[in-house]
Structure formats: C-alpha cells, structure tokens
Amino acid sequence: MRDTSISIAKAIAIVMVVALNAGIPDAAARVILPLSVPIFFMTAGYCFSPHYFQDERTFVVHRVRRLYLPFLGWSLLFITLHNLLWAIGLINVAGGEQMTGAMHAYTFSEYCQRIWSITFCMSGYDIALCSPFWFFRALLVASLAFLLGMKVLQRFFPQHRSEIHAAILLGIVLFLGLWQVGMDLSVPALGTGHRELMGTGLFSLGFLARRYSALLTTKVYYPLAGLGALILSAILFPATFPEAGTLSSFASLWLPAAGGFIFLLFVCTYIAKAPQAIVNALTYIGDRTLYIFAFHVTAFLLVSLIKVIGYGLPWQAMGGHPVVLHNSGDAFWLLYTIIGVGLPLLCREGFHWLGRRIDLSAKACLGYTIDFLFLTGRYCIVGIIWLAKAIARVFMNIWRALTDMVKASNPNEE
C-alpha cells in the first residue's frame, strides 16, 4: 500500500533543498541542512522492498531508469546549451562565483571530454546550471552499494534478520567513513566518494526506520528526541553534506539526520490527515522531486532577471549562480524558492500537455531530428547549387565583357 506520508516528506525535503540554494537565512539553513538532501537517501531506504533481495535485476533496472537515464539526458542538454548561455551572458565570470570548468565557453575537445565523463562517470556536467546533479550519482551508487552489501551479509550470516544485516552495514559504513576522512582517502572514479559512502549509510538508516516505523511514529518521545537532536546540532555543531568530508562534518551529520527524519515522519503522518487538497498538492510535489532537483537552478534565472531589473544591476549580474547575491538580506529567497519549485513542475505539465497532442516519444523525436537534418541538408544542397550557378553566371558575364573589350580594342579589327 502506498505511504502518502513519504511523498509528503519528500515534498518538504525538496522545498528545503531549493530554499537552501535560494539563500535562505543562515539560522534556518543550520536547521534544515541535516534534513534536506539526507532525507532522500533515507526515504529511498525506507521504501526499499525486501523482495528485491531475490529480484535484484528489477531493482537495478529501476534505479538506472530512474536516476542514470534522466541524468544522462538532462546533463547532455545543459552542456549543449552552455556556449549559447555564455554568449548571451547568463553564464559569466563577472556576475558570480569562479566555478572551475564552468565559467568559459567550451571548446570541441572539452565537449567531447564532458560527454565522455557524463556517460561513463556521471560527472563532467555543467556546474553552473547543474550543480545539484551530484545527487543522481550519489543516490544510484548508494542504492546499489546497499543492495550488494546486504546480499553479501545475507550470504555470510543467513541466520540473522535483515534488520541485523542493515545495522552491520551501517557499522561498516561508519568505520569506512572514519577511515576515509581520517586518512584523507578518495575514490577517483567517484570524485572523493564521500557522499556515496555517507548515502549508503543513510540508506541503511532509512531501511531500519521502516522496520521500526510503528514504534518510532506512535511513541511521541522518539520524534521529540529527534527534534531536540536537530535543534542541538543547529546550535552547537551545524551539519553539512560536503563532497570532501572532514572528521567534524562526518560526525556531525548522523544524529541530526536520523533524529530529524524520525520527527519529519511523525509530522507527516498528521499532515496526511489534512484536507485532501493540501495532501494532493504535497503528494504531487513529492512524487516529482527529480524534476525540481534537476531544473530549479535554471528556474532561478527568471527570478535573477527580475532582481537585476528591480535593482538596476548590470547584465553581468545575471551570471550570479545559483542566485544574484546583491543585497542578499532581502526576501528574494522566497521568490527564488517559489519559482524554483513551481516552474519546473509547470514546464513538465506543459510538456506532457504537448505530448498528448504531438508524439514526443524518443523514437518520434529521433524521427523528427532525422527529418530536420534531411530537409536542412536538402535545402543546403539546393542553396549551394543555386549559389554556384549564380557565381558561374557572374563569371561568364565578366568573361564575355572582357572578351568584348579585347575584341573592341584589337587593331587588326580596324
């Protein structure tokens, strides 16, 4: 049976992610940082069905279709648009941070390398507009690592229940994480591999939370303790989810993330009983978080345009990424958040509305592309032939004119 509270939790989490990228005030950011992205790893573990232990292929195929293929298509789209956006100033050095590998026009060689990296390493995407795309690889690797780890533990400890296996796997992740940050190790194919490792542990936490969900969401002192851990973390040791972790960032995440997740599950069970219109709206957002994750930074450009015009800023300020930092204490983060959540969903609905009238399947789009290239090539050939004939006529007329001049000036003719 579908758990509506999980969709609501994901909706709240994606709003948090967008608000963080929109420049939410620091006090609120310290509270929601341990909740925003980690919730997606924990909800993925929470929704993991044990039958996948006997049907690994279905799980792997589902993860690839859900994470890798959208990442591939959207990443290729954005790097294709990069040079155009650079030419019109939407990506520039003067307006924003100096982002390595993003703040210049790509050469053909760089395009080839990025396509290669996107396809085979899930890296190399356009960092100016796709900065959140690290999430796709981290969640995919964490999901597959959890499945593999659980299968290995089941083989060596078949007498134990899956909860015990998940707890052992979490312990292994904690050990490996401490080893990694303590010795400054990395997995070159995965950048540092730190987020993927932590994601595997969070996935395990979500799996364990599902096994004990009845206890955690019915006894009020567990959610209250989780809220206390979240607030205490925000005050004393704010948590982060960095690409390259340190001992403090690694140690500070687990308690507030787990506690905040328990508290959020508890709250969402009550939100699920709210008026149906509210539940439907949150469920709609929660079931389409990938679109918001992928396109909210691009949607920010609309708000940046409004802010640039409103403050009378130079056009170069549009290059601020992900938001225009001028007068960052204003309330523009609210508009950034609203547009960042709403515009990708609106575009998605528009695309599906169009798709109901025009065949936009991959096969049809390939056919449209081939037809376009064929017609373009045909008209180019026709144009080249016409131009060649026109040039030939010009040269023939010049030749005749020169010939007539020579004949006219020939003394023998006189």
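Predicted model: local features only at pLDDT ≥ 70, side-chain atom pairs only at ≥ 80, totals over all residues.
1. Residues are numbered from 1 along each chain as its sequence is written, and side-chain values use heavy atoms, with hydrogens and water left out.

2. Helix α1 covers residues 4-21 and helix α3 residues 36-46; they pack at about 155° with axes 8 Å apart. Helices here are DSSP runs (H or I, at least four residues), numbered from the N terminus. Axes are lines fitted to C-alpha atoms over the stretch in contact, and angles run from 0 to 180 degrees between N-to-C directions. The two helices are therefore roughly antiparallel (over 145 degrees; under 35 is roughly parallel, 65 to 115 roughly perpendicular, the rest oblique).

3. On the α1 side, the contact (heavy atoms within 4.5 Å) uses I6, A9, K10, A13, I14, M16, V17 and L20, and α3 brings S36, V37, I39, F40, T43 and Y46. By class that is 11 nonpolar, two polar and one charged residues. Nonpolar covers Ala, Val, Leu, Ile, Met, Phe, Trp, Tyr, Cys and Pro; charged covers Asp, Glu, Lys and Arg; the others, Gly among them, are polar.

4. Now for α3 and α6. Helix α6 spans residues 134-156, and its axis comes within 11 Å of that of α3, crossing at roughly 30°. That makes α3 roughly parallel to α6, and the crossing is right-handed. Here V37, F40, F41 and A44 of α3 meet W134, F135, A138, L139 and A142 of α6.

5. On to the aromatics: the whole structure has 37 aromatic pairs (Phe, Tyr or Trp rings, the six-membered one for Trp, with centres within 6.5 Å; planes under 30 degrees apart are stacked, over 60 edge-to-face, the rest tilted). One of them is Y52 with F59, tilted, at 5.1 Å centre to centre and 50° between the planes. Y52 is buried at 17% relative accessibility, as is F59 at 4% (buried is under 20% relative accessible area, exposed over 50%, partly exposed in between, with a 1.4 Å probe and protein chains only).

6. Y221 and Y222 have ring centres 4.9 Å apart and planes at 50°, so this pair is tilted. Y222 counts as partly exposed, at 32% relative accessibility.

Technical notes
Left-handed = near helix turned anticlockwise from the far one by under 90°.
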